[in-house]
Amino acid sequence: MSKSITARRLTAAVLSAGALTAVLTVPTSAAEYRPHRPSVQISDVQYDSPGRDDRSNRSLNREWVEITNNTRRAVNLDGWTLQDEDGRTYTFDDYRLRGRATVRIHTGVGRDTRTDLFQDRRHYVWDNHSDTATLRNDRGRFIDDESWGHDRHRGNRR
């Protein structure tokens, strides 16, 4: 009978030690958790161009979306799209976003550079009250979105 009691005590001690180890390990893992930051993301949006909305090219180009590459490597954005809720779409054409770099996509007409791209539109794209900018890769897969206004939780996700 003493062998049975000893076996039970040993089993209880092992289980208690295992439970204690699990309790001590979980908070350490949770404390080390960092939310995943997308490789490429919409980092900022200026949806309401400063000043009067007079549809001048200057005003149109003060409306923009910034895309940031958070990785060290360049990302080929050729064929990627940036779209508003109404379906107005800008398609990136032959553009590589360098590592740790940001590009600003303006609404109006202009000359593309490494840091500024232009949609060449004559009308505003982003609604001042509520809208969602959605970024998709060249396969149409959801990458990121940014919403503002009363519909900001609606989005065009996936």
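The largest nonpolar core of this predicted model comprises 22 residues, where such a core is a set of buried Ala, Val, Leu, Ile, Met, Phe, Trp, Tyr and Cys residues joined through side-chain atoms within 4.5 Å. Those with the most contacts inside the core are Ile42, Val65, Ile67, Leu82, Phe92 and Ile105. Two or more residues each are given by strands S1 (40-46), S2 (64-69), S7 (102-106) and S9 (131-136), and S1 provides the largest share, three residues. Strands are DSSP runs of E, at least two residues in length, numbered from the N terminus. With residues up to four places away in sequence not counted, Phe92 touches, among others, Ile67, Leu82, Ile105, Leu117 and Leu135; contact means heavy atoms within 4.5 Å.

An open, antiparallel sheet is formed by four strands in the order S5-S4-S9-S10, two strands being paired if DSSP finds at least two bridges between them. S5 (89-91) and S10 (142-148) are the edge strands, each pairing on one side only. S4 (residues 81-83) is joined to S5 over three bridges, and Thr81 stands opposite Thr91 in S5.

Two residues other than glycine have positive phi values: Asp94, near 55°, and Arg100, about 55°. Asp94 is found in the loop between S5 and S6 (96-97), and Arg100 in the loop between S6 and S7. Asp94 counts as exposed at 68% relative accessibility, as does Arg100 at 52%. Buried denotes under 20% relative accessible area, exposed over 50%, and partly exposed in between (1.4 Å probe, protein chains only).

Residues are numbered from 1 along each chain as its sequence is written, and side-chain values use heavy atoms, with hydrogens and water left out. In this predicted model, local features need pLDDT of at least 70 and side-chain atom pairs count only at pLDDT 80 or more, whereas totals for chains, interfaces and linings use all residues.
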